[in-house]
Amino acid sequence: MENQPKYIFVTGGVTSSLGKGIVAASLGLLLKSRGLRVTLQKFDPYINVDPGTLNPYEHGECYVTEDGAETDLDLGHYERFLNQPTTQANNVTTGRIYQSVIEKERRGDYLGKTVQIVPHITNEIKRRIKMLGRTGNYDIIITEIGGTVGDIESLPFIEAVRQLRWDLGRENSLFIHLTLIPYLAASGELKTKPSQHSVRLLMESGIQADILVCRTEHELSRDLRNKLALFCNVALENVIECLDVKTIYDVPMMLLEQNFDDVVLKGLNMPVEGERDLTAWMSFLERFKKPVHQITIGLVGKYVSLQDSYKSITEALIHAGAFKETRINIQWIYSGDLTEENIAEAFENCDGILIAPGFGDRGVEGKILAAKYCREQNIPLLGICLGMQMMAIEFARNVLGYTDAESSEMNSQTPNPVISLMADQKNVTHKGGTMRLGNWKCQLQEGSMIREIYDQEIIEERHRHRYEFNNEYLDDFDRATFHPVGINPETGLVEILEYKNHPFYLGVQFHPEYRSTVIEPHPLFIAFITAASQNQSSK
């Protein structure tokens, strides 16, 4: 008999950016710690097919899954908390729903019927929600509905999950509503009225919240909890307090103190049994909160004014830092501000530099200057994607003598395209979903530092790029000891460059940050933090 998973739907009210993704991921962690098979999915209400063409300032980081899906950054939280990969099926947008329905209409699948929001759009949403459940591998599927209740964009999703509750049966579904309890400093009061209105708005759509998770700056009194339970029509024990905390990694523990997972299991008519195993998580928190050392990493990028643009990188640094019992202080450096005159001052307090990924020509000369400075001053440097490409251009200009070396992304007419467009990208006109995406193999050179870091010959890492190192320059780089130590065995493309005459000078074309989790920090970030700590000691 096919396994019937239980479904949890997480909605948000009052305001956006309350942290539905963190609450959903925290709940997933608690349930998984009891031995349950759990996954999470995110439904986003925007009409873009995926975040792949969105500016990071619009939406933060675009996260990439192993199977090459460009997704919302919340999927990064899901993977980091649950320590398990997600797929294309874990993130769906309004754009993808409408695209699928329109394609079916064009094929004639609807047999000439008028295509409408109900039932055609809502049926497609329900089909996508249940797609993960058809595998039979999960006990519980947590579905986060993006946006805020009341938004016109979210209405089809709310209607779809309303219908789905009746399709699944009440015993197989649960609604968690995340809301805000604002504090009015003038009167010194927490106010419940916005949450009452939000729950009422949800009820007008036919959904009664089973559990209320309340984001708040101050503790909720017993009287205030009673008021919320009464006016929002939920049991008193189902009013869960979610205080502001210093780190997102404290959220599971705060919810655990209120037996959040017990409340959820009771709501799903599941047995509340099994000891939670959170040993590894607690160990991480202990090392994270009580570091023995601290270092400063300079993160050089073009989107530094919105730090969510580099969310996976900052979290990977935190994971590796905790592993090494080291506090990581990140110094945000806008690459467009770097010049020959100010770079020494800008990097003065940095023990290591990370050149971040990105697209376009803004700020690239600053990244090239950063690579040059780190190479000459023996500062540990990790370049990721565009960061690696800028390291290659700097080396070609200042060591190999190709003074006009550039990337054909920035100058399509350059006589020395050290970085060039991949052959299979030259006729691509559509930008969405057409880059080199997802997991690709890489063979590591025997005797190299990177081989020692990974301790294996063949690795798989996630990619998101259109431009590559130009193999016409490969021999020149190899002779000058900036070695191509990681090669894709199928395409022959260079994945990793490693400078031999330096304590740590590594550029990778892939995105190692996507693979780092709380329980399994990425070895490349651990090695980078180790090198930066050694650099600090030698100063």
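What you are looking at is a predicted model, in which local features need pLDDT of at least 70 and side-chain atom pairs count only at pLDDT 80 or more, while totals for chains, interfaces and linings use all residues. Residues are numbered from 1 along each chain as its sequence is written, and side-chain values use heavy atoms, with hydrogens and water left out.

Let's begin with helix α14, which covers residues 364-377. Helices here are DSSP runs of H or I with at least four residues, strands are E runs of at least two, and both are numbered from the N terminus. The 14 residues of α14 reach 20 Å from the first C-alpha to the last, close to the 20 Å expected at 1.5 Å a residue; that expected span is 1.5 Å times one less than the number of residues. Because eleven of those 14 residues are buried, α14 is largely enclosed by the rest of the structure. Buried means under 20% relative accessible area, with a 1.4 Å probe and protein chains only. Among the buried ones are V364, I368, L369 and Y373, and also K367, K372 and R375.

Now for the spaces. On a 1 Å grid over the protein atoms alone, a cavity is a set of points where a 1.4 Å probe fits but cannot get out, whereas a pocket is an open set with protein on both sides within 12 Å along at least five of seven lines; lining residues have an atom within 4 Å of a point. Grid points are joined across faces, edges and corners, and a volume is the space filled by probe spheres set on the points.

The largest pocket has a volume of about 1,100 Å³. Of its 43 lining residues, S17, L18, G19, D74 and D308 lie nearest the centre. Helix α1 gives the most to this lining, with four residues, and β2, α3 and α12 are among the elements that each supply at least two.

The second largest pocket holds about 500 Å³. Its lining has 25 residues, and P56, Y303, G358, F359 and R464 lie nearest its centre.

As for cavities, the whole structure has three of 30 Å³ or more.

Note on methods
Buried < 20%, exposed > 50% of the residue type's maximum accessible area, 1.4 Å probe, protein only.
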